[in-house]
Structures are given as structure tokens and as C-alpha cells.
Amino acid sequence: MFNLTLKSDNELLSMLTPDTIFVVCMGCDEVIFPEIDGVAALRRMGVSRADLTVVDTFYVCNLDYFEVAMQSHKGQFASNGRILVFSCGAGVQQLTSYFADKEVFPACNTHLLPGFQGVTPSEFDCALCGDCHLNYTGAICPITSCAKSLLGGACGGAKNGFCEIDSETECGWERIYKRINIQN
């Protein structure tokens with residue numbers, strides 16, 4: 001199991017824009033999520049119920065389920081430029097790949113709890129670091145996407161965009177760099 005804790009009010013406030021859409025993952029029984037705390041935090045920051053565009057979806061990290069859930073919400077995502085995701089890191093990364101032209105930010109930190117970890121039904125992985133920095137890396141995790149788990153940037157060993165350790169794996173930091181440049 002793992003536990004989601006909300007980012008601080010200041011962190012959440014720095015991620016909000018007037019056109020932010022909120023995605024709440026409702027699907028995983030392995031996640032302990034403070035949903036009531038999330039709503040309370042947004043209200044403390046002056047976000048009213050009328051300002052919220054919330055998409056409750058099951059299994060954000062599973063693209064098949066997510067695509068079905070999004071059929072009824074496509075119009076909401078067309079006009080909004082930023083997505084704040086209340087899910088684990090795997091869900092944030094899934095949304096990043098699905099909405100390549102939008103800024104995606106994690107509203108939660110993901111912490112490991114002892115016990116059975118289950119299986120994430122996607123190619124995205126969350127290292128359950130605790131202090132998620134996906135909001136600084138274009139919502140691509142440097143820990144799980146870099147073969148060396150480097151946090152400070154690329155190692156310089158990539159060749160033609162692929163990792164020096166595994167020549168069939170795209171360099172995680174080059175993916176981060178491209179993603180950040182697309183957003184800006």
C-alpha cells in the first residue's frame with residue numbers, strides 16, 4: 001500500500017491558474033488518499049466549488065479505463081491549459097503522456113507503506129519517494145525514467161537521445177527537457 005499526502009498550501013497555490021482543471025483518481029484500493037483534506041485546502045486558497053472543474057475517474061494510471069472515462073469530459077480539457085492531479089506519481093505520468101500539450105502537476109506526495117505493493121497496470125512507475133517533484137520535471141519522474149536515477153540532470157552519456165546504459169531506452173532527462181520545452 002501507499003499513502004498520498006497533499007502538498008503544502010503554498011505549493012498547491014503556485015500550481016493554480018484560473019483555467020486549472022482538477023483530476024482526482026478514484027480507482028486504487030491500495031491508496032490512502034485525503035480527499036476531504038484536498039477540498040479543504042483548495043477552499044483555504046480561495047477556490048470555490050464554482051471554480052472547480054473536477055474529473056473523478058477510476059484508474060488514472062490505466063490508459064484503457066482513463067480513455068473511457070474521458071469521453072464525457074473532452075470538452076473540459078480542450079480549453080484548460082493546466083491539470084492538477086490528485087493521484088500517485090504513476091497517475092500523474094499517465095496524464096502527462098495522454099495530454100502532451102498541457103502542463104500536468106502533482107497535488108500529492110506518494111509515500112510507501114509496508115505491505116503488499118500490487119501491480120500498476122501501466123508502463124509508468126512511481127518510486128514512492130515521498131516528496132514528489134514532478135511539477136519541476138515536466139511530470140516525468142527522473143528517478144524511474146533515468147537508468148541512473150539522477151536528480152540533478154542528464155549525465156551527458158546519452159547518444160542520439162538514448163541511454164548509455166541501455167541503448168534501447170530513451171534518456172529520461174532528454175524526455176524531461178523536451179517536455180519542458182514543449183510547455184514553454
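**Close-up views of a predicted model**

**View 1. Strand S2 is covered on both faces.** Thr20, Phe22 and Val24 on one side of S2, and Ile21, Val23 and Cys25 on the other, are all buried. Buried means under 20% relative accessible area, exposed over 50%, and partly exposed in between (1.4 Å probe, protein chains only). That leaves 6 of the 6 residues of S2 buried. Helices (H or I, at least four residues) and strands (E, at least two) are DSSP runs, numbered from the N terminus. S2 and S5 run parallel, joined by 5 bridges. Two strands pair if DSSP finds at least two bridges between them. Thr20 has Arg82 of S5 as its bridge partner.

The model is predicted, with residues numbered from 1 along each chain as its sequence is written, and local features need pLDDT of at least 70. Side-chain atom pairs count only at pLDDT 80 or more, while totals for chains, interfaces and linings use all residues; side-chain values use heavy atoms, with hydrogens and water left out.

**View 2. Arg82 is a buried arginine in strand S5 (residues 82-86)**. Arg82 counts as buried because its relative accessibility is 13%. Its side chain reaches the backbone oxygen of Met15 at 2.8 Å. The Arg82 side chain also makes a polar contact with the side chain of Glu103, at 3.2 Å. A polar contact is a pair of N or O atoms within 3.5 Å; within protein, one must be able to donate a hydrogen and the other to accept it, and residues adjacent in sequence count only if both atoms are side-chain atoms. Not counting residues up to four places away in sequence, Arg82 touches Ser14, Asp19, Ile21 and Phe105, among others. Contact means heavy atoms within 4.5 Å.

**View 3. The largest nonpolar core has 18 residues**. Leu16, Leu42, Leu84 and Phe86 have the most contacts inside this core. Helix H1 (9-15), strand S2 (20-25), helix H2 (35-44) and S5 each supply at least two of its residues. A nonpolar core is a set of buried Ala, Val, Leu, Ile, Met, Phe, Trp, Tyr and Cys residues joined through side-chain atoms within 4.5 Å. A second, separate core of 17 residues includes Val23, Cys25, Met70 and Ile83.

**View 4. Leu16 lies in the loop between H1 and S2**. Leu16 is buried, with a relative accessible area of 18%. Leu16 and Leu42 are 26 residues apart in sequence, yet their C-alpha atoms are 9.7 Å apart in space. Beyond its neighbours within four places in sequence, Leu16 is in contact with Phe22, Leu42, Met45, Val47, Arg82 and Leu84.

**View 5. Arg179 lies in helix H7 (residues 172-183)**. Arg179 counts as buried, at 7% relative accessibility. The side chain of Arg179 reaches the backbone oxygen of Lys102 at 2.5 Å. These two residues, Arg179 and Lys102, are 77 residues apart in sequence and 9.8 Å apart C-alpha to C-alpha.

**View 6. Helix H5 (residues 89-98) is mostly covered**. Of its 10 residues, 8 are buried. Among them are Val92, Gln93, Gln94 and Leu95.

**View 7. The structure holds 0 disulfides**. A disulfide is a pair of cysteine sulfur atoms within 2.5 Å. The sulfur of Cys146 is 6.4 Å from its closest cysteine sulfur, in Cys171, so the two are too far for a bond. Cys146 counts as buried, at 13% relative accessibility.
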